[in-house]
Amino acid sequence: MGRWLARMIVVGLVAALAACGPSKFKTYNGPPVTQVVVSKHDRKMYLLSGNRALKVYDVGLGTFPTGHKQFEGDGRTPEGLYYIDRRNPDSRYHLSIGISYPNPTDAAYAASLGQRAGSDIFIHGQGPEGKALSRIKRDWTAGCIAVTDAEAEDIYAMVRDGTPIQINP
């Protein structure tokens, strides 16, 4: 009876886990991502290991993608060298990893204009809101870099905190 009960418990647990659907937390065991490069002009994001591109993604940007983000609410995606500095597994945009905007120069420039630099710039998925908005306009974020939810899962697994991200015009 003990073996049968143990087997039923295992079967029940497997069924319960399967009912929860696929996990958004993937694992990655490949070469390390040493840098993320974004070309705003081409709407591409490259995950690099050394000089080799491991993955290339099409991206959406802020609603006004041309030019460097200067202050909160301008709808621009920052340009320059930043770092991945945090992650949000409970993002309303599925999953997200944070970009270290604003840096001290960004904050000082915005303050010189009597503005706030803004914050909460992420690489993120779409979630329900983004799925609707991306059908209307490719560049739909408030300044973030958007990919599909499935791509956000890959990026979340592959890119570590501290990884540099170069965002080019």
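The following questions and answers walk through one predicted model. Local features in this predicted model need pLDDT of at least 70, side-chain atom pairs count only at pLDDT 80 or more, and totals for chains, interfaces and linings use all residues. Residues are numbered from 1 along each chain as its sequence is written, and side-chain values use heavy atoms, with hydrogens and water left out.

Reader: How many helices and strands does the secondary structure of the protein come to?
Author: Helices (H or I, at least four residues) and strands (E, at least two) are DSSP runs, numbered from the N terminus. From that end on, the elements run α-β-β-β-β-β-α-β-α-β-α-β. The secondary structure comes to four helices and eight strands.

Reader: What percentage of the residues in the protein is buried?
Author: A residue counts as buried under 20% relative accessible area, as exposed over 50% and as partly exposed in between, with a 1.4 Å probe and protein chains only. Of the 169 residues in the protein, the buried share is 40%.

Reader: Which residues of strand β5 point the other way from Ser 96 and Gly 98?
Author: In a regular strand the side chains alternate between the two faces of the sheet. Strand β5 covers residues 96-99, and all of the residues named for it are buried. Ser 96 and Gly 98 point one way, and the other way point Ile 97 and Ile 99.

Reader: Which residue in β6 is the bridge partner of Ser 96?
Author: Two strands pair if DSSP finds at least two bridges between them. Strand β4 (residues 80-88) pairs with β5 in the antiparallel sense over four bridges, and Ser 96 is there the partner of Asn 88. Three bridges join β5 to β6, also running antiparallel, and in β6 the partner of Ser 96 is His 124.

Reader: Why does the pair of Tyr 82 and Tyr 101 tie together parts that are apart in sequence, and how many residues apart are they?
Author: Rings of Phe, Tyr and Trp (its six-membered ring) pair if their centres lie within 6.5 Å, and planes under 30 degrees apart count as stacked, over 60 as edge-to-face and the rest as tilted. Among the three aromatic pairs of the structure, Tyr 82 and Tyr 101 form an edge-to-face one, 6.0 Å centre to centre with 65 degrees between the planes. Both Tyr 82 and Tyr 101 are buried. Because Tyr 82 lies in strand β4 and Tyr 101 in the loop between β5 and α2, the pair ties together parts whose separation in sequence is 19 residues.

Reader: Which element gives the largest share of the lining of the largest cavity?
Author: On a 1 Å grid over the protein atoms alone, a cavity is a set of points where a 1.4 Å probe fits but cannot get out, whereas a pocket is an open set with protein on both sides within 12 Å along at least five of seven lines, and lining residues have an atom within 4 Å of a point. The search finds one cavity of 30 Å³ or more, and about 40 Å³ of space lies in the largest cavity. Its lining includes Ser 96, Ile 97 and His 124, and the elements giving two or more residues are β5, β6 and α4 (149-158). The largest share, three residues, comes from α4.

Reader: Which lining residues are the closest to the centre of the largest pocket?
Author: About 290 Å³ of space lies in the largest pocket. Of the 20 residues that line the largest pocket, the closest to its centre are Tyr 93, Ser 119, Asp 120, Ala 142 and Cys 144.

Technical notes. Points joined across faces, edges and corners; volume = space filled by probe spheres on them.
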